[in-house]
Amino acid sequence: MRVLFGSYPDLLAGKGGLQTQVFRTAAELRKQGSTVHILGVDDVLDTYDVYHHFSIVPAGFDTFHLGKSVANRVVLSPVYNISNQSLFRRVVRTLSGYTPSDPLGFRKQTAMVSEATRLVFLGELEQQKVL
């Protein structure tokens, strides 16, 4: 199986958290014989069986659509984190996805959720917050 992973543009800016999840998941899939490329890491962009997008932050909207354009199926892991609700993080995430027609990025988030072939939640609480 050919798999492409993607997320928000600054996924590689720091270590840990979601970056760890993406790299470990890629390693496990490779062990099972899949070909896995990660947007922003691998300079290869081909056609894929699956594009897996991690996170629904509005800043990742363009990356989501790039991955979607080269894959047969799209899996979305929203990675909605309750701790992201601090005022500072809300402001940063809002500004990173801001457009005049969608000031809070909700349309982008809703579009990603509705355009995915499959949603994978970390748990029930995340599912309740996203849906």
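Visitor: Among contacts in the protein between residues at least 6 apart in sequence, what share joins residues at least 24 apart?

Guide: This is a predicted model, in which local features need pLDDT of at least 70, side-chain atom pairs count only at pLDDT 80 or more, and totals for chains, interfaces and linings use all residues. Residues are numbered from 1 along each chain as its sequence is written, and side-chain values use heavy atoms, with hydrogens and water left out. A contact means heavy atoms within 4.5 Å. Of the contacts between residues at least 6 apart in sequence, the share joining residues at least 24 apart is 64%.

Visitor: In what order do the strands of the open sheet stand?

Guide: Strands of a sheet pair through backbone hydrogen bonds, either parallel or antiparallel; here two strands count as paired if DSSP finds at least two bridges between them. S1 and S3 pair in the parallel sense over four bridges, and Leu4 stands opposite Tyr51 in S3. The open sheet of five strands has parallel pairing and the order S2-S1-S3-S4-S5.

Visitor: Which strands stand at the edges?

Guide: Each edge strand has a single partner strand, so one side of each is left without a neighbour in the sheet. The edge strands are S2 (35–38) and S5 (118–119).

Visitor: Which residues of helix H2 are buried?

Guide: Buried means under 20% relative accessible area, exposed over 50%, and partly exposed in between (1.4 Å probe, protein chains only). The face of H2 turned away from the buried side carries the exposed residues Asp62 and Ser69. In H2 (residues 61–69), the buried residues are Phe61, Thr63, Phe64 and Gly67.

Visitor: Within what arc do the buried residues of H2 fall?

Guide: The arc is that of the directions from the helix axis to the C-beta atoms. Seen down the axis of H2, the buried residues line one face of the helix, because they fall within an arc of 160 degrees.

Visitor: What covers the buried residues of H2?

Guide: The cover includes elements of both kinds, strands and a helix. Among them are strand S1 (2–6), strand S3 (48–54), strand S4 (71–77) and helix H4 (106–115).

Key
Helices (H or I, at least four residues) and strands (E, at least two) are DSSP runs, numbered from the N terminus.
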